[in-house]
Amino acid sequence: MPASPCIVVQCWDDGVTTDARLTDLLRRLDIPATFNLCAGLHDNQRRFGWMHAGQEVWRLGWGEMRGVYDGFTIANHSLTHPNLCEMPGSAARHEIAVGRERLRQFFGQRVAGFVYPFGAVNPAVMAMVRETGHVYARTVESTADVFPPADPMAFHPSCHFQAPDFWQRYDDAKRCGVFYFWGHSYELVDDTLWQRLEALFEQISADPDSRWGDLPELFGG
Ligand SMILES: [Zn+2]
């Protein structure tokens, strides 16, 4: 009997306009994914965010987000993307709880996941994320033993999608049965990088030892 396939999951942060191109690509290849959003940072129309590698990064408008993310899983990335460890507890709780509630109402999804802004986390923040109804919370710390996490509120991914040792980590992850990568679609600054990502998706899809999954299924959802 072959061992059960390694489950490959992915998530993308920050709700930027390049997510529209990414969800088109994922839909075409029939690949699931989770998108981590900050409900307090979107207007009805697109809104300028910041510069990355000489290019403008814009946030999606509410008016297009149902369409862009249709069929994908939504997770909470706090209300306005502050460093939660550097603010009073009541303010951090507001960021976590209200961020989730707005996403739940807008998308009509359960919103089981959380992603720490800037990866900043401490025990008090972890407790708040747990108490506000999230079942897992992702850090930015790469690990070889993704699953099961020692604490689901400190769920470490395998690596960033542009990690130089991506395929080594991918092979290593088959031991624990889950490979988890993450990124931001605004990091795909030219067509070569988009083509490389598409090739990465196709290589994983073609691997008989793996199958695509989505984050909530790992935690019984
Ligand atoms: Zn972020």
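Student: At roughly what angle do the axes of helix α3 and helix α4 cross?
Tutor: Good place to start! This is a predicted model, where local features need pLDDT of at least 70, side-chain atom pairs count only at pLDDT 80 or more, and totals for chains, interfaces and linings use all residues. Helices are DSSP runs of H or I with at least four residues, strands are runs of E with at least two, and both are numbered from the N terminus; axes are lines fitted to C-alpha atoms, for helices over the stretch in contact, with angles from 0 to 180 degrees between N-to-C directions. For α3 (residues 89-107) and α4 (residues 123-131), the axes come within 10 Å and the crossing angle is roughly 40°.

Student: Are α3 and α4 roughly parallel or oblique to each other?
Tutor: Under 35 degrees counts as roughly parallel, over 145 as roughly antiparallel, 65 to 115 as roughly perpendicular, and the rest as oblique. With the angle at roughly 40°, α3 and α4 are therefore oblique.

Student: Which residues of α4 make the contact with α3?
Tutor: Contact means heavy atoms within 4.5 Å. On the α3 side it involves G89, A92, R93 and I96, and their partners in α4 are V125, M128, V129 and E131.

Student: Which residues coordinate the zinc ion?
Tutor: Residues are numbered from 1 along each chain as its sequence is written, and side-chain values use heavy atoms, with hydrogens and water left out. Donors are N, O and S atoms within 2.8 Å of the metal (3.2 Å for Na, K and Ca), and sites may look incomplete, since water is not among the atoms. Here the donors lie at 2.1 to 2.3 Å and belong to D14 (OD), H77 (NE2) and H81 (NE2).

Student: How many residues apart are D14 and H81?
Tutor: D14 sits in the loop between β1 (6-13) and α1 (18-29), and H81 in the loop between β5 (73-76) and α3. The donor spacing is D-x62-H-x3-H. The pair thus links distant parts of the chain, with a separation of 67 residues.

Student: Is D14 buried or exposed?
Tutor: Buried means under 20% relative accessible area, exposed over 50%, and partly exposed in between (1.4 Å probe, protein chains only). D14 has 5% relative accessibility, so it counts as buried.
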